[in-house]
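Q: Hi! Could you walk me through this model in plain words? I'd like to go residue by residue and ask things as they come up.

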Amino acid sequence: MLIKMWLKPEEILLKNALKLWVAEKGNEYFVLQRRRGYGEGGGGLTGLLVGTLDTMMDSTSKVAPFRILHQTPDSQIYWSIACGGTKEEINQHWEWLEKNIMRTLSVFDSSDDITSFVQGKIRGLIAEEGKVSGVQEDDPEKFREALLRFEKWFDLPQKEKLVTYYSCSYWRGRVPCQGWLYLSTNFLSFYSYLLGSEVKLVVSWNEIWRLEKTSNVILTESIHVLANGEDHYFSMFLHLSETFLIMEQLADYSIKRLFDKETFQEEPSLSDPLQITKRGLETNARNEQFRAFFRLPKEENLLEVYESFLWVPFSHFNTLGKICLSESYLCFASQDGSQCHVIIPMREVIGVEKPDRSSRALTVCVRGKRALRFSEVRDFERLGNAIRRRCGMTASPQHSTSTEGIRGECQNLINHFEDNPEEVAMMVGQKESSKTVSNEALMTVFHPQDAENLDPKMLKEKMKEQSWNIHFSEYGRGTSMFCTKKTRDLIVRGVPEALRGELWMLFSGAVNDMAVNPGYYSEIVDKSLGTSTLATDEIERDLHRSLPEHPAFQSDTGISALRRVLTAYAYRNPKIGYCQAMNILTSVLLLYAKEEEAFWLLVAVCERMLPDYFNRRIIGALVDQAVFEELIRMHLTQLTEHMTDLTFFSSVSLSWFLTLFISVLPIESAVNVVDCFFYDGIKAILQLGLAVLDYNMEGLISSHDDAEAVTILSKFFDNVTNKDSPLPQTVQQNSVGNNDKASSLSKVDISDLIKEAYEKYGDMKSEEVERMRKRNKLYVIQTLEDTTKQNVLRVVSQEVKFSASQLDNLYALFKRQHFLSCYWTMNSPVLLHHDPSLAYLEQYQLGFHQFRVLFSLLEPWSLCSGNDALFLWAFRLLDENQDGLVNFKEFCCALDILYSGTFTNKLKFLFKLHQPPAFTGSPFHSKGQSLPHFIPMTDDLSHLSRLTESDLPEDGVIRKSPERGKGKVDLQAYLKQWQDEILKKEESIKDLPRINQAQFIQFSKTLYNLFHGDPEEESLYRAVARVTSLLLRMEEVGRRLQEPTSPTQAAPERALLNREAYSTLERSSDTPCTTITLEAGSIPQEVEWSFAFEQILASLLNEPVLVRFFERPVDIQARLDHAKGAQLKAKTNK
C-alpha cells in the first residue's frame, strides 16, 4: 500500500497531456490534485480508463491517487513534491507546507529563487527521513529474483550484467502492456505476460536512434525509444526521471565504448562492463554535470554536497546555494546557478576557522587576504575537517602556517568584513607560470599598447580596464573570483585587450590545468618536436593558412609558436591529433595568451568545452548543429515556416561552430565572441547564431535559393565591425569582402549584436543545452553509421549477387558480431586495433573467433562439429593483407561464392582452402590443444624471430600490416594495395598451384565432411571415392609413361602407396566426421605426387551427384533469419 511521502522534485510535463488529475485545492504556489477515477464522481470515461490502467499495475508501481505540485505565478512549469494514498495523508503534507513554507516564500523577489528554495527544502526533508528510517534503497533479495526472471525470459549470455529494472507499461499502438523493463549493460529489454499474451522486446543500446522524454494526448509522461526504424513508448513509471537518467547513461556509455572505442580507466565505475551498476551510472552522471558546470579537470569527482548560505560582501547579504566538494576544489553555486558561483582550489586555501557554532558557520581563508564565510551548514564540522584534510594534502610548504597564525589571519579578515562590508581586498595575481618557450602573447609583441595614446578608442579601452579593476576589487581576482551577473555584463561589453588572456584562462578552467601540471608543456614540446607523423605533416601544411593577414603570423615568431602548440597537443592526444580549424583557433589564442597558456586553453576547448569537435567525424559539431536546428524551430518560427528543410543552416553554420565565428568575422570582432564562449560555453555560440539569423530574417525569407541565402549571410558578416577596437588598421580585418555593395549596407557593431543575442535568447539554460546535446547525439551518430553502411553496401553490391535486402541483413549481422567482441570486455583485439581514421570498409572487422561464429551460422553446408580448423583456413584465405582481421567485403565475397558461385568457383574456393596461406600442413586441433592458442605457421618465418611471447595477440593471428593509429602511416603501401585491387584480374584456373599429397588427403576429407547429413550422403561418399581412386590411377599411369622401364622396384612401392592412400580415403568415407589417421609423414617420401586443379575439376564433373550437390540452390534468407536468432546463443556456447 502506498504511504504518504515527500518526492524528489521532478518537472511535470502537462503540455498537450490528457487531464488525468482534478484540482482539489490550491494557492499561489501549490496545488493539491486528485487522480481521476478515485474519490467522488469517478471521473466518467476518463476516470474509468485511468482506474483500469492503475489496476493493471503491481503494487510497486501504482500511481498515488493524490499529489501536491509546486508552481509559481509567472511560470507554466509544475514540480511534483509530494504524494499520498488517502486524502487525510495528503492533507497533512498540505498543512505542513502552509505552516512552514508559505510565509517564507514572500521574501523572495524572483520565481526562480522561490522554486530553488522549495526544491532544496523538500530534498532536505527526504534526506532527513532517509536517515531516520535507515531503509536500504535496493533490496538484494528482490534484485536476485529480478535477475533470475531476466535470465529466464531473455536467454542472453550469462556475462550480460543487469543494472536495474522498473515496472512500467509498454504501448503497442493504443494498448498498454503492463510488465517489466530491464536495463542491462548492452540491452534494453521488456517482458509482459497478460491474459495468455506474451510480449518480449530486446534492443541493443547501440541500435537506438532516439531516446527522449515526451508527452502526448494519451500519455501524460513517457519515454520514447526509436530503434531499427520502430518507435517504442514506455510510461507509468514511479520515478520516470530516474529511469530516463539510467537509460541515457547506458546509451551514452554504449556509444562511447562501441563506436568511439573509448576506455574508462579514469572512471572505475565504468572501467569494466561486467561491473556496471546503477549507483555507478548515477555517480558518473553527477560527476559529469559537476565538472561541466565548474569547468574542472576530468580527474575531479563530486564527493560531498552541503546546503548553506554564503556571505556576499559586495551585495551585503547571504545567498542560499550548494557547496560542492571534490578532491582538489571547493565550489559554491547559488540557487539558479547564474547569480553567483565561486571556485576555490584547495591549493589556495590557507586555513579554516569556525567562529560561531551557534550559526553553524565556518570561514575559509584563501591567499590574497580574502575569506569566504559559509553559514547554516548542517554538517559544518565535517565540512571543515574535509577541507583541512585536503589542504594538508595539496598545500605546498611555503603556504603552510601555524594554527595560531591561520586563526589570527582568519579572525582579522572576519572583523574586517564586519566593520567594512563595502570593501574587499584585491586578490594578488597568479603564481609565476612554469617556464615556456615564449613568455609573451603575440599581440603584446606585435602591437604593444602606447600608454600616451589618448585617442577616443584608447580612452574607452582604459575605461573598460578601470571597470574590470573595480570588479576585481569587489569580487576578487584570480581563481577564487566571484562570478555573477555583473561579470557577464562586463563580458558582453567586451574584454579589454590587456586582460583577455588572463580572463580566458580563468573562465575556461585552463588556469587550474596549468597550475597542477608545472613543466608539462615544456616536456612534451621537447618530446614532440622533430617527430614525423600524419598529424605533423598536416600541421606543416596549414601553418601559413592561419590568420595569414596578421603580422604575427607573417613572421617566424608566430609560426614557430603555432607549430609548437599544435604539435605538442597532437603528441598529448593522438586520438585527436590534428584537425582543420584547430590552427585558426590556436592562432587567436596565441595572440592574447602566452604560449603555454594557449596550449592549456586548447586543451580546455578540445577536451572539455567542445567535446568530439576535433576528430575525423566532427561528431560534436554535428550534434550542436542538430541542437541549433532544434532551437531555430523553437525561436524562429517565421523562418521555419518559409524554409521547412533546415539542413541548409546546418551546412552554412558548421564553420561558425568549429572556429567560434573566427573564420567568418573580422578578427577584432571575433575575439568578442570568444570572450563570451569562454564564459558561457557553447550556449554563447548558439545564442549568437540565432541572433544572426534573426537579424537577417527578412532577407532569408525572400531568398529564392540557398546560394542567395549564403550571399546574404556573407555580406552581413563582412559588415560586422568593432567600433571600440583599439587595434591598428594593419591588424584589423574590417570588411573582408569590402566592395561597393558591401559598403552600401549598414554596419553592425559586434557588441550590439552580442547584447541583442543575450537579451533575446539569454534565458536559455546551459543544463537544457546539455540535455539537447545528449538527445541529438544518438541520432547524429546513427545517421553517420547509416551513411557508412550505405557506402559499404554500394561498394560491395558491385562484387556480389546478393539482393539489397540480403546485403542489408548481412551487414547488420556482421556489425553485431563485431560489437559482440566488445560487449563484455574492454580488451578485445577488434577494439584494440580499431582506427576510426581508416576507410569505411575497415571500420568494422572481425577477428578469428568472431569470424568463426558468424561464418558457421551462414555457410550453406552443414559441416561436422569440431571443424574449427576449416574455419581457420577460410579466415586465412580471406585475410589477404594478413592483419588478423576480415572486413565486410572479404566476408561477403566468400559467402557469395558459396551461395551463388558456379560449380567451378565453389570447387576453386575449396581447393585454395587447402593451399598456403590457408592450409600450411601444420598440426591442427589436436585433442590437447585449444584453438585460441594455436599460432598458424607460414613458410616465411623470418618475422617470428622479431616477436617475443608478449607480442603475440590473444587470438594467435600474427599481423603483418603496419600498426595503425601510431606513428606515420605508410601511405604508399595503402595506395599500392588500392592499385592492386583495381588492377586485379580474374584468376585463371591455370594459375593455381598443384596440390600435394598432404593437401589432397585433407581436401578429400573436407569433401566427405560437406556431405554429412545430406539425403544423398552415401552416393556422394562413393562418388568421391571413385574420383580419388581415378586420380591416383591417373597419377600412376603418368609416372609410368615418364619413367624408364628398367627400374622394377618402384612399381611395388607405388602400388603400395596407391593401396594405402585409397584405404585411408575409404576409412574416411566410413567415418566422415573423424580426423584422418594417415599423416603426410607415413607416405613413402621417395615418391612425390600432386594434382592440378584441372584434373580434380574434370574428375568431379564426371560424377552427376557431386555436380547436383554443389549446384543445388540454398535459401540464403532462411540462413539469415536463423543467424539473427542464434547469433547471441552462438556467442554463449563458444
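A: Happy to. One definition to begin with: buried means under 20% relative accessible area, exposed means over 50%, and partly exposed is in between. Please keep in mind that this is a predicted model.

Q: Good. Is Ser528 buried or exposed, then?

A: Ser528 counts as buried, because its relative accessibility is 1%, and the cut-off for buried is under 20%.

Q: Where is Ser528 placed, and what does its side chain reach?

A: Ser528 belongs to helix 15, which covers residues 520-528. Its side chain reaches the backbone oxygen of Ile524 at 2.7 Å.

Q: Let's switch to charges. How many salt bridges are there?

A: The count comes to 40 salt bridges. One of them pairs Lys486 with Glu474, with the closest N and O atoms 3.3 Å apart. That pair links distant parts of the chain, with Lys486 in helix 12 (residues 485-493) and Glu474 in helix 11 (residues 456-475), 12 residues apart.

Q: And how accessible are Lys486 and Glu474?

A: Lys486 is partly exposed, with a relative accessible area of 34%. Glu474 is partly exposed too, at 27%.

Q: What does Arg500 form a salt bridge with?

A: Arg500 pairs with Asp675, and their closest N and O atoms are 2.9 Å apart.

Q: Which residue is Asp624 bridged to?

A: Asp624 forms a salt bridge with Arg773, the closest N and O atoms being 2.8 Å apart. Because Asp624 lies in helix 20 (residues 619-635) and Arg773 in helix 29 (residues 766-797), the pair ties together parts 149 residues apart in sequence. Asp624 is buried at 1% relative accessible area, and Arg773 is buried at 11%.

Q: Which residues do salt bridges that share partners join into one network?

A: Asp252, Lys256, Glu288, Asp612 and Lys777 are joined into one network that way.

Q: Which residues gather in a patch of negative charge on the surface?

A: The patch consists of Asp645, Asp705, Asp706 and Glu708. Asp645 is in the loop between helix 21 (637-642) and helix 22 (647-659), and it is partly exposed with a relative accessible area of 48%.

Q: Changing topic again: what about the backbone? Which peptide bond is cis?

A: The one from Pro916 to Pro917 is cis, with omega near 5°. Pro917 is placed in the loop between helix 35 (903-913) and helix 36 (971-983). For context, most peptide bonds are trans, and most residues other than glycine have a negative phi.

Q: On phi, what is the value for Arg295?

A: Arg295 has a positive phi of about 55°, although it is not a glycine. Arg295 lies in the loop between helix 7 (278-294) and strand 13 (304-312), and it is buried, with a relative accessible area of 12%.

Q: And Leu660, where does that lie?

A: Leu660 is in the loop between helix 22 and helix 23. Leu660 has a positive phi of about 55° although it is not a glycine, and it is buried at 0% relative accessible area.

Q: Last one. How far apart are Leu589 and Arg500 in sequence and in space?

A: Leu589 and Arg500 are 89 residues apart in sequence and 9.7 Å apart in space, C-alpha to C-alpha. Leu589 is in helix 18 (residues 582-592) and is buried, with a relative accessible area of 0%.

Conventions
Residues are numbered from 1 along each chain as its sequence is written. This is a predicted model: local features need pLDDT of at least 70, side-chain atom pairs count only at pLDDT 80 or more; totals for chains, interfaces and linings use all residues. Side-chain values use heavy atoms; hydrogens and water are left out. Patches are made of residues with over 30% relative accessible area and no salt bridge: like charges are joined within 9 Å, nonpolar side chains (Val, Leu, Ile, Met, Phe, Trp, Tyr) within 5 Å. Accessible areas come from the Shrake-Rupley method with a 1.4 Å probe; for residues, only the protein chains shown count as cover. A salt bridge is a side-chain nitrogen of Lys or Arg within 4 Å of a carboxyl oxygen of Asp or Glu. Lys and Arg count as positive and Asp and Glu as negative; His and the chain ends are not counted. The place of a charge is taken as NZ of Lys, CZ of Arg, CG of Asp or CD of Glu. Helices (H or I, at least four residues) and strands (E, at least two) are DSSP runs, numbered from the N terminus. Buried means under 20% relative accessible area, exposed over 50%, partly exposed in between (1.4 Å probe, protein chains only). A polar contact is a pair of N or O atoms within 3.5 Å; within protein, one must be able to donate a hydrogen and the other to accept it, and residues adjacent in sequence count only if both atoms are side-chain atoms.
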